[in-house]
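Please read it with the structure open.

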Amino acid sequence: MDFVVLLHIFVFAPILFCITFLSLPLPSPTYFLAWKSQLSQPVADLVLRNGVIYTSDDSLPFADSMAVANGRVLCVGNRSFVQEFEGYGTQVLDLGGKVVVPGFIDSHVHFIDGGLQMMQVKLRGVNKKEEFIRRIKDAAQSTKQGSWILGGGWNNDLWGGDLPAASWINDVTPNNPVWLSRVDGHMGLANSVALTLAGITNLTDDPRGGTILRTANGEPTGVLIDSARTLVTSQIPEDSVDDRREALHRASNLALTRGVTTVVDMGRYYPGFSTELSWDDFSDVYQWANSMSKMKIRVCLFFSMETWSRLVGVINRVGHALSEWIYIGGVKAFADGSLGSNSALLYEPYVDDPDNYGLQVTELEALLNMTTESDLNGLQVAIHAIGDKANDLILDMYGLVASTNGMRDRRFRIEHAQQLAAGTPGRFGKQRVVASMQPDQLLDDADSTSKKLGKDRAEKESYLFRSLLNNNALVAFGSDWPVSGRYQSLKWY
């Protein structure tokens, strides 16, 4: 059984060397003690000793030794107790005082999408226009004429805030369509070749829930926001089954090197995108990998809420747990866009865009109807909401659905819960709604939030972790990878 020495970063916690015990569930202390009496002295494959082993159980929070056999924990305790499980062939690893923790659970990722982006042009961290152009030029020189150049991770705040434009890259990509996603996943840049393929001109109307950015003369700049992105992305050839399976392999290996052994995969569904992408990945990638014994990461899968009845049918046939590796979680929808793309839905306008209050990307009545039916059929519901107004709208709706469908442990989720009005943290606690948040995104937004909201709103409304916890809210942390690139950018010291 392999172990991963990892750098444990928890928001702003000190950097800590850890060895992560991968995929081995820790039993309760009573379970530890029961092993010796119930088993005829099993022999461990691996024994760890001289470490600081965190069990996450208050009755036995730490131990110095642990024995493992056949991928499961035999016992955790002091050295003399665990030593009794050593035998012929047991590998003994002296940790030298290092820390062992259970594998981390990432509560919000886009796993296949992240694996695919690992094979594309990387723009994360680029802080100069010239470097942005150079990377696209380099990609064009190694790409067959007519083929798409795909990439992502750019953040215009790193080079002063100006949004990129098709004119930046047209000269270096005259023969290739280009699509480059912003770091938040709610905005992208297309070159003129891609705009032409998509039929986007100065006469093209903004689609519902999206925006085509334009020059003062009305010409498209190449930047598309939220559902407007599908005008271009619908022209991009679908990734092959082999590429998506390789994406799972790459993503799984990367996660394991970071000590992540379980992820909640929100899929490849975004506003305006096809609801079939996540279903294709479910059948072509996850079920295939499970049948071929190629799963390395435990996954909890969410699907577009528009397909709730289809998901209910699957669960009725096979249940929630397809295997020890794959669990069907629930459904997801979107209330608004993102702060970085000025499309999060706010009560007050953006300071840097005074006529803009953000976007409501899904009609509230449709969202209410789908949520009611999903919940009535026992599905867990997760809704993306970043702006303060969007969060209150979803909390209002969740309250209405709960009163209509009756009380139960439904664990409604709001994904991100980034900007919260006064009093809203208390509503999360009172309604027992899970605030599914991504602390790493605070690092990406730290410089730009004040520019977009003003200093007072930014300080009082943004990333209210402590206020939520003080109000007894349920808080789940995740990375939103690849929107947050910490898996790739994590440094080793």
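Is Asp 456 buried, exposed or partly exposed? The reply is under point 1.

This is a predicted model, where local features need pLDDT of at least 70, side-chain atom pairs count only at pLDDT 80 or more, and totals for chains, interfaces and linings use all residues. Residues are numbered from 1 along each chain as its sequence is written, and side-chain values use heavy atoms, with hydrogens and water left out.

1. **Asp 456 and Lys 460.** Asp 456 is partly exposed, at 46% relative accessible area (buried is under 20%, exposed over 50%, partly exposed in between; 1.4 Å probe, protein chains only). Lys 460 counts as exposed, at 58%. The two form a salt bridge, with the closest N and O atoms 3.2 Å apart (the rule: a side-chain nitrogen of Lys or Arg within 4 Å of a carboxyl oxygen of Asp or Glu). Both lie in helix 16 (residues 455–461), four residues apart, about one turn of the helix. Helices (H or I, at least four residues) and strands (E, at least two) are DSSP runs, numbered from the N terminus.

2. **Other salt bridges.** The count comes to 26 salt bridges. Glu 276 and Arg 310 meet in one of them, at 2.8 Å, N to O. This pair links distant parts of the chain, helix 9 (residues 276–291) and helix 10, 34 residues apart. Asp 352 and Lys 452 also pair, at 3.6 Å. Here the partners are 100 residues apart: Asp 352 is in the loop between strand 19 and helix 11, and Lys 452 is in helix 15 (residues 449–453). Asp 352 is partly exposed at 42%, whereas Lys 452 is buried at 6%.

3. **Strand 18.** Seven of the seven residues of strand 18 (residues 298–304) are buried, so the strand is largely enclosed by the rest of the structure. Strand 17 (residues 260–265) runs parallel to strand 18, joined by four bridges (strands pair if DSSP finds at least two bridges between them). Val 263 has Val 299 as its bridge partner. Six bridges join strand 18 to strand 19 (residues 326–334), also parallel.

4. **His 384.** This residue sits in strand 20 (residues 380–385). His 384 is buried, at 1% relative accessible area. Its side chain makes a polar contact with the side chain of His 416, at 3.2 Å (N or O atoms within 3.5 Å; within protein, one must be able to donate a hydrogen and the other to accept it, and residues adjacent in sequence count only if both atoms are side-chain atoms).
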